[in-house]
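Open the model in your viewer and keep the selection tool at hand. The tour makes two stops.

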Amino acid sequence: MFGKLFGRDAERPDADPYALPVPRRQKNGTYPLRALGDTRVLALVEAADAGDWEAVKESLAPFDLGRDHAVLGQLADLDGVQDWIGPAVAEDKEHRATALLISGSRHISWGWEARTSARAVDVTQEQWRIFHERLEIAEEQLLEAAELRPDWGTPWRRLLTSGRGMSLSPAVNETRRDAALRRDPLDLDTHIEWVSQLQPRWGGEPGQALAFARKAFAGAPDGHRLGCVIAMAHIEEWVESDNRDCLQDPRIRTELREAAERSILHHSYERRLGWQGDYNIFAMALSLAGSSKASNVFRELDGVFTEWPWTFMADPQKAYARFRKAF
């Protein structure tokens, strides 16, 4: 009865059977998202951490790495994967494409770990050497994975990252972007990667990324997570600017609020695996813009923190907690 009175269904949706228990919160009421908050992903991560290729393959059964960027990212960012994935690539002919995809993706992350996030002028020659050596391996492996599985989109999205790191020509990177978007025209990860590519620090022009984001989201249906590309474009503008208050503009606040309402806060939005990442993107953008709509996003997150995109700040989780408290 009360559900109908307040415009909601009286019946609550069934609890997610794969949801990880909420861990003990830190003093500031926040906690980092672990393994996308999913027991199946945790089993996959633990198998990979143990270097058990057979267990990794078994744990991958519920997922499609050729399309699921979030699950692939869990493996790409896991230190140690590079130590055991080589034999899987060389010896497991049946699952060679999967092994290549994992290895290539890991080599990109591993390469960036060697380069660090320092400015280019502060990166040593040895760091550059290791960086390019690892990216070259990634390029070779991901291109082969894409050839073996032409239906997959994730190799092309990852190749955008390696292409940017290796300063490949705009024509090459545009070809890779188009290859990814042919497989999924509304793929958020590819769009966000291209927003990064269009930043002045990577050779783009001011305003290019935001124009691209607006055009992309304009063609998306209501409730689609592609709205996050608008938030990410504004975050990138903040990163590029010397003015820490550059998003404190009524027009920007309005655009971000409307994008949130038409995407993650829309009734049609589907909370798929890793949805908390979408909410964290909007939480940061809305906070930087000083929009009261940030409170709605933080309330839905209930303290769940994801590293991206808060890594643009000096102390990501403290920054999240500070903004969360402010709104």
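**Stop one: a helix pair**

Select helix H12 (residues 228-240) and helix H13 (residues 250-262), which pack at an angle of about 150° with their axes 8 Å apart. Helices here are DSSP runs of H or I with at least four residues, numbered from the N terminus. The axes are lines fitted to C-alpha atoms over the stretch in contact, and angles run from 0 to 180 degrees between N-to-C directions. H12 and H13 are therefore roughly antiparallel (the term covers angles over 145 degrees).

Next, show the side chains of Ile230, Ala231 and His234 on H12, and of Ile252, Glu255, Leu256 and Ala259 on H13; these residues make the contact (heavy atoms within 4.5 Å).

This is a predicted model: local features need pLDDT of at least 70 and side-chain atom pairs count only at pLDDT 80 or more, while totals for chains, interfaces and linings use all residues. Residues are numbered from 1 along each chain as its sequence is written, and side-chain values use heavy atoms, leaving out hydrogens and water.

**Stop two: aromatic rings**

The whole structure holds ten aromatic pairs (ring centres of Phe, Tyr or the six-membered ring of Trp within 6.5 Å). Select Trp310 and Phe323, a tilted pair with 6.1 Å from centre to centre and 40° between the planes (tilted lies between stacked, under 30 degrees, and edge-to-face, over 60). Trp310 is in helix H16 (residues 307-310) and Phe323 in helix H17 (residues 316-326), 13 residues apart. Both Trp310 and Phe323 are buried (under 20% relative accessible area, 1.4 Å probe, protein chains only).

Technical notes:
Helices (H or I, at least four residues) and strands (E, at least two) are DSSP runs, numbered from the N terminus. Angles under 35 degrees count as roughly parallel, over 145 as roughly antiparallel, 65 to 115 as roughly perpendicular and the rest as oblique. Buried means under 20% relative accessible area, exposed over 50%, partly exposed in between (1.4 Å probe, protein chains only).
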